[in-house]
Amino acid sequence: MNSIFHRCFGLLGGRKLAQVFIGASVVGSSFSLQATDVLNTPSYPSELASEYLLVDIENLGQRLVAVGARGHIIHSDSRGSSWQQADVPVSVLLTAVDFVSSDKGWAVGHGGVILHSNDGGLSWVKQFDGNQANQSIIEQAEAYIAELEFELDESGGSDEDLEYELEDAQYALEDAELDAEIGASKPFLDVAFLTDTHGFAVGAYGFLFETTDGGRTWENAGDRLDNLDRFHLNAIKVLEGGNLIIAGEAGVLFTSSDKGQSWDTVNSPYEGSFFGVLPLKDKNSALVFGLRGNLFKTVNAGRSWSKVDSGTESSLMGGALDGNKQISITGNAGTVIVSNDGGETFSSYSRADRLGHTAMVYITRDRLALVGESGVELVSPSGKNL
Amino acid sequence: MANADQSSAGTNNSVGSGMVAERLIFKNRPVILGIFLLITAFLGFNAAQIKPDASFERLIPLEHEFVQNMMDNRSDLENLGNFIRIAVAAKDGDIFNKAYMETLSELTDEVFYLSGVDRSSLKSLWTPNVRWVEVTEDGFQGGPVIPNGYDGSQASLDQLRANILKSGQVGSLVADDFKSTIIYAPLFEINPETQEPLDYQAFSKELEEKVREKYQASNPNISIHIVGFAKKVGDLIDGIGAIATFALVTIGLTLSFLYIYSRCPIATVIPIVTSIVAVIWQLGLLRLFGYGLDPYSVLIPFLVFAIGISHGVQIVNQIAVQQASGLNALMSARMAFRNLVRPGILALVSDAIGFLTLFFIEIEVIRDLAVAAGLGVAVIIVTNLILHPVMMSYTGLSKGGLKHAKKVEMSDHKPWRVLSFMSHQSIAPISIMIAILGCVIGLYYQKDLKIGDLDRGAPELRPDSRYNLDNEFIIDNYSTSADILVVMVKTPPEQCASYELLDVMDRMQWRLENVEGVQSTASLVTVSKLVTKALNEGSFKWFELSRNQSIINSSIQRAPSGLMNTDCSMTPMIVYLDDHKAETLDRVIQEMQVLIEEYPSENYEFLLAAGNAGVEAATNQVIEKAKTVMLLSVYAVVSFLCLITFRSIAAVVCIITPLALTSVLCEALMAQLGIGVKVATLPVIALGVGIGVDYGIYIYSQLETKLKEGLVLQEAYFQTLRTTGKAVSFTGVTLGIGVCTWIFSPIKFQADMGILLFFMFLWNMIGSMWLLPALARFLVKTKKTA
């Protein structure tokens, strides 16, 4: 909704006003905080967990791990023929999962939740949530304001640029405080680790957090991006060779060649939203895809892009590589597209269920696990149920 | 039903009031006939105007908490239930062809103009409110699913297919297999133009004529399936009409049976005429008291007719005996009246007391049933005990009938002689063993007895009725359920969409979805998540309830009106169920009650329960509670009746045991036939026991008289069988005939009642003639047997 509302209300003064305007419309927004917040409510054990909305899935080699709605994390040691539900300390929608090894993995989701597993996804602990995120942003903003005020004092109070910067920083603090008042409302949308200690989580409204200690502490890194409009950051991936790429709303693309310390804004080939990035086998190569079947390829870590015909108008959400040249990408309305030539050309298929799917992963060359609004399904590369 | 005690007749009836009444009646026969004629004409005129009445409220337990909650929130729930869905199916191929779309367009227009339809909310592929939406770089894009410039060409049909896929209507308005689509029409309970309530029968008829018949005829490649509350009620009312046929069949059957029994045209016709008069009076009085005929009370005339006939036969019997002994027609009729008026009234009063226990069931329609039955029994006292002998006093028996009566009297009564061995000392223990065995077997099978309705679809109608087949079609081809439980959530004004509440509802819904038998759930939370997802460019990563109240508010701005009342103080949580079996309902209600305990708050209140499943659950609870109370009280009442009549515990045991055995066997039969204990079948127990006890009373009283005369048991029993037994068996068969035609009713519960009453009437009769003497062998002190 970010971009739509932004456009609708842009003339009236941006996002903040848009939210106030909407907020006034139906119900007053006062409510008391629940005794058992979803952030502290363990996921309810359910036999339906593997048939209900799952959003991301990862292949750990011997084990498959999928995450989804209501804090569901399920795992399978039988190549997907049976699933067990893990104990999870939260019951929010989990949006992404990433494992750096067969043991260590992270899952992120709504409420700014970051979970960690040390045992290949069997058990999970909460490392971080939106309340901490809000607090961290406020503290950072306050520190920045203090710094600017100090600089302004130094300059004798006459530096106009500094004054503007201070004003902006004060607005940012107000925003952050407002967010904190609302609570842990912003979701993380993807997570990627470079090593078993160093990783990033991205999310809505420009959320970008970094850890360098395996998730014990997370630090706001959102200011490293040139994302003034605070567009949603939908995906973050590590490319072959170690470059990082972030794709998001309204076609925003950022890349980093120094492990995320600095980020370049990429000249985007598309102004609609990107939902996913799929790193390819070759160094610095990746596919990015998103709204209405838009699909682009880079072989130079985002410096240039070529448009690929996806053969579909459905939004593309998540993809998988068989380790070599075969690629499957899935999306809304039962769409699955397949390439056998490393992403140069695709053929498009339509699943009979026409449901939305968000991710898939290769188990063998002709057997994949597909996740989406009806849970997990075992399928062929073109998305046919096995 | 007076199974008159023929041989003791005349011994104790020469007492005052009876004589006065007799003189009054038989001295003024023309006046009496004239009065009857006038009353019958007047009540007949009223009876003719009696209206079918299938009022929803009378069928449900209004005093139950669930129903009261539903009624309290009725105005806010209205739009949830009352709609019809018309599935238009293509027989060959799919919906994407010119002819199909043309018919669908015409049909949509036709439905649009049906009176009672809420036109602004009518939905079909051809209505402009059914649109496709697509997220593009510039925001939403959309349009009606029928493409602009649609001309039936392949290109425009292809465009239509694409639009349908983008519309999200597959599963709700378009079948999963693309072979049918639905026209969805919400109805006005009260027509806003005329302020008249919706006439379900007329509406249903219009649907048949103007929609189903007309368009299936004009396009042979389509079939039409219609479901919805209005259609169901219409079908039910039509089903009441079918009862007329059964009435004719019953009369025909009774006619031939009476003739075989009496071989006398007069004795055949007059009982039938007087019984029909009884029915006319009963219907006329019902109308005068402001009652209509609902699908339950429409059955009472059959009972009245059958009870009337059985009393009529007693009178015919008596007159035959008197005439055979040489009296003239008038004196025979007077003697018959004199002998039968007391036992007749006693028997009818005991029937009425049996019916009264129906008042323990807190469901209006059942209480109406008690009123109708009570009225009927009261009417029979007048018509069959007075009008019948007066009419016969003019005619007497025909010569043929008289001859037949004499012949029967003179015969050796061989079947009765054989049957009398039931009281023999070596046969009686066997009978008792068989009875115990039967009881054990009955108790074993009775364990499967279920509360509530057990079939899928509309339980009122047969599983293979058109309505239920249509329902099956829609359930199979669309993602939808017909069994809906609605939990009402009350909040202070403007608080029905607070995060606190929606979060709790979200958790509850998931817990409910994990209950066996729950298909899915829906509420504002569902809408909020769906819209939040849609506003985030259709990404499932956003299918979550936001903690940000502004986002919640904007996500529910366009929520369907039924999901929120005008001041946002009530919002429903809708639970779609696989079926409405009692176990399913119990499981869901129980889980819901646990959840309500688990999430207490001052800011909201969860109230059970509306929707058809909510009403069923309430009904089941009422029935379950009433069942024990009713069984206990009906048995207490009849036992008491026996005790004061015979002043002997042995008599009570002899009479009640066969009834109890029948009750057990009846429940086992229900379990085996898959008939649940429900509104329709619970009264059967009261009716069956109330009427059934008469058999035992008459047999026992005759037996006792004969024993007092000094006969040994088997001979006393033979004498009993020859006279009273004959009448009892005749009565059993007559009553059986009266109810067995119901088995063919298009209304399922009428058929169930028919089967069970038929069983109970016959078994009570058999039990009283077979088991009663065997028990008497051990319980009643007699002189040594021969």
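This is a predicted model: local features need pLDDT of at least 70, side-chain atom pairs count only at pLDDT 80 or more; totals for chains, interfaces and linings use all residues.
Biologist: Let's start with chain A. What makes chain A as compact as a globular protein of its length?

Modeller: Happy to start there. Chain A comes to four helices and 27 strands. The radius of gyration of chain A is 21 Å, and the globule rule gives 21 Å for 386 residues, so chain A is as compact as a globular protein of that length. The C-alpha atoms of chain A fill a box of roughly 70 × 50 × 45 Å along the principal axes. As for burial, 48% of the 386 residues count as buried.

Biologist: How is chain A divided into domains?

Modeller: The assignment gives domain 1 (3–132 + 183–326), domain 2 (133–182) and domain 3 (327–386). Between the C-alpha centres of domain 2 of chain A and domain 3 of chain A there are 47 Å.

Biologist: Now to chain B. What does its secondary structure come to?

Modeller: Chain B has 25 helices and nine strands. Its C-alpha trace spans about 105 × 55 × 45 Å along the principal axes. Of the 786 residues in chain B, 53% are buried. If you take contacts in chain B between residues at least 6 apart in sequence, 80% join residues at least 24 apart.

Biologist: Why are helix 20 of chain B and helix 21 of chain B called roughly perpendicular?

Modeller: The axes of helix 20 (residues 582–598) and helix 21 (residues 611–646) of chain B cross at roughly 100° and come within 10 Å. Angles of 65 to 115 degrees count as roughly perpendicular. The two helices are therefore roughly perpendicular to each other. Helix 20 of chain B contributes Ala582(B), Leu585(B) and Ile589(B) to the contact, while helix 21 of chain B contributes Ala613(B), Glu616(B), Ala617(B) and Asn620(B). Five of these residues are nonpolar, one is polar and one is charged.

Biologist: What makes helix 11 of chain B roughly antiparallel to helix 12 of chain B?

Modeller: Again, look at the angle. Helix 11 (residues 329–356) and helix 12 (residues 364–395) of chain B pack at about 175°, with their axes 9 Å apart. An angle over 145 degrees counts as roughly antiparallel, and that makes helix 11 of chain B roughly antiparallel to helix 12 of chain B. Their contact has 21 nonpolar, four polar and two charged residues.

Biologist: How do you know that helix 24 of chain B and helix 25 of chain B are roughly antiparallel?

Modeller: The same cut-off of 145 degrees applies. The axes of helix 24 (residues 713–740) and helix 25 (residues 748–779) of chain B cross at roughly 175° and come within 8 Å. The two are therefore roughly antiparallel to each other. Residues in the contact include Tyr717(B) and Val728(B) of helix 24 of chain B, and Phe758(B) and Met765(B) of helix 25 of chain B. The contact divides into 14 nonpolar, six polar and one charged.

Biologist: Let's turn to single residues. Why is Leu125(B) called buried?

Modeller: Leu125(B) has 24 other C-beta atoms within 10 Å, and a residue is buried at 20 or more. Leu125(B) is therefore buried. This residue lies in the loop between helix 5 (98–112) and strand 2 (131–136) of chain B. Beyond neighbours within four places in sequence, Leu125(B) has contacts that include Leu104(B), Val145(B) and Leu173(B). Its C-alpha atom is 8.4 Å from that of Pro144(B), 19 residues apart along the chain.

Biologist: And what makes Gln446(B) partly exposed?

Modeller: Gln446(B) has 19 other C-beta atoms within 10 Å. Buried needs 20 or more and exposed needs 12 or fewer, so with 19 Gln446(B) is partly exposed. Gln446(B) lies in helix 15 (residues 428–446) of chain B. Leaving aside neighbours within four places in sequence, Gln446(B) is in contact with Val664(B), Glu667(B), Ala668(B) and Ala671(B). The C-alpha atoms of Gln446(B) and Phe359(B), 87 residues apart along the chain, are separated by 25 Å.

Methods
Residues are numbered from 1 along each chain as its sequence is written. Chains are lettered from A and ligands numbered from 1 in the order in which they are written. Axes are lines fitted to C-alpha atoms, for helices over the stretch in contact, and angles run from 0 to 180 degrees between N-to-C directions. Angles under 35 degrees count as roughly parallel, over 145 as roughly antiparallel, 65 to 115 as roughly perpendicular and the rest as oblique. Two residues are in contact if their C-beta atoms, placed from the backbone, lie within 7 Å. Ala, Val, Leu, Ile, Met, Phe, Trp, Tyr, Cys and Pro count as nonpolar, Asp, Glu, Lys and Arg as charged, and the others, Gly among them, as polar. Domain bounds come from an automatic or database domain assignment. The radius of gyration is taken over C-alpha atoms; the globule rule is 2.2 Å times the number of residues to the power 0.38.
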